[in-house]
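Let's take a walk through this protein, starting on the inside and ending in the loops. Have the structure open as you read.

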Amino acid sequence: MEDQMVTVVGERFCVPYTMELVVKRKLQSFSKSLYEAFDATGNFLLQVDGGVWKFQKKRVMKDPAGLPVATLREKALSWKHQWMIHQGESSERNHFLCTVQKSNALRIKNNLDVFLGNRYKDHGRDFHVTGSFSSLSFKVIRANTVIAEVRHNFTWGSCKGKESFKVKVYPEVDYAFIVALLVIMNESDGP
């Protein structure tokens with residue numbers, strides 16, 4: 001597993017070293033949030049925005065040039081808060097990357113399961129996201145190995161709709177995928 005690249009959104013988002021990110025979330029309205037990801041030196045890497053579209057949450061991830069990288073869509077009226085991630089702005093089957101859903105719809109603790117591609121019913125989960133009861137912090141696990149950690153930084157800005165997260169992505173792990181999971185974990189708890 002250590003020599004294997006973990007790529008979901010794209011290889012260009014995998015680096016050979018541990019990457020420290022800061023992700024900032026700004027609540028723009030009741031149903032619209034803006035997420036921006038920066039590296040440790042302050043370079044802008046990714047932006048995720050969007051709102052509710054036809055009773056369905058939709059978030060589009062864009063690179064620094066403003067080009068769509070991935071689209072996150074919440075399945076309307078799903079029991080386990082299921083999200084689908086597609087490449088670019090597509091919703092076509094051949095651009096489908098993964099499904100993300102709550103591990104157990106009745107649990108208070110926010111845990112997510114990730115199923116790659118069309119393997120949803122055939123195999124077990126590919127990744128597990130485990131959160132805590134008391135904060136928005138979580139870990140992403142693949143085959144008993146932590147591949148990323150997200151720590152929520154509570155500040156007074158949090159009360160005003162501004163959140164900040166410190167993200168540690170281990171070597172050869174797709175940081176765009178981890179940012180997508182952060183958005184889904186956060187959106188599953190919020191408006």
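This is a predicted model, so let's begin with its largest nonpolar core, which has 46 residues. The members that touch the most other members are Leu46, Met61, Ile85, Val100, Val167, Phe177 and Ile178. Helix α1, covering residues 175-189, gives the most to this core: 11 residues.

Now zoom in on Phe177. Leaving out neighbours within four places in sequence, Phe177 is in contact with Val8, Val9, Cys98, Val114 and Phe127.

Next up is Asp113, which sits in strand β9 (residues 111-116). Is Asp113 buried or exposed? Its relative accessible area is 9%, and buried means under 20%, so Asp113 counts as buried. What does the side chain of Asp113 make polar contacts with? Here are the two partners:

| Side chain | Partner side chain | Distance |
|---|---|---|
| Asp113 | Ser103 | 3.1 Å |
| Asp113 | Arg125 | 3.1 Å |

Not counting residues up to four places away in sequence, Asp113 also touches others, including Thr99, Val100, Gln101, Phe127 and His128.

Finally, let's look at two loop residues. Asn144 is found in the loop between β11 (138-142) and β12 (145-153). Its phi is near 70 degrees, a positive value in a residue that isn't glycine. With a relative accessible area of 79%, Asn144 is exposed, because the cut-off for that word is over 50%. Glu172 has its place in the loop between β13 (162-169) and α1. Glu172 has a positive phi too, near 65 degrees, and again the residue is something other than glycine.

Conventions. Residues numbered from 1 in each chain as written. Predicted model: local features only at pLDDT ≥ 70, side-chain atom pairs only at ≥ 80, totals over all residues. Heavy atoms only, no water. Core = buried A, V, L, I, M, F, W, Y, C linked by side-chain atoms within 4.5 Å. Buried < 20%, exposed > 50% of the residue type's maximum accessible area, 1.4 Å probe, protein only. Helix = DSSP H or I, 4+ residues; strand = E, 2+ residues; numbered from the N terminus. Contact = heavy atoms within 4.5 Å. Polar contact = N/O pair within 3.5 Å; in protein donor to acceptor, adjacent residues only side chain to side chain.
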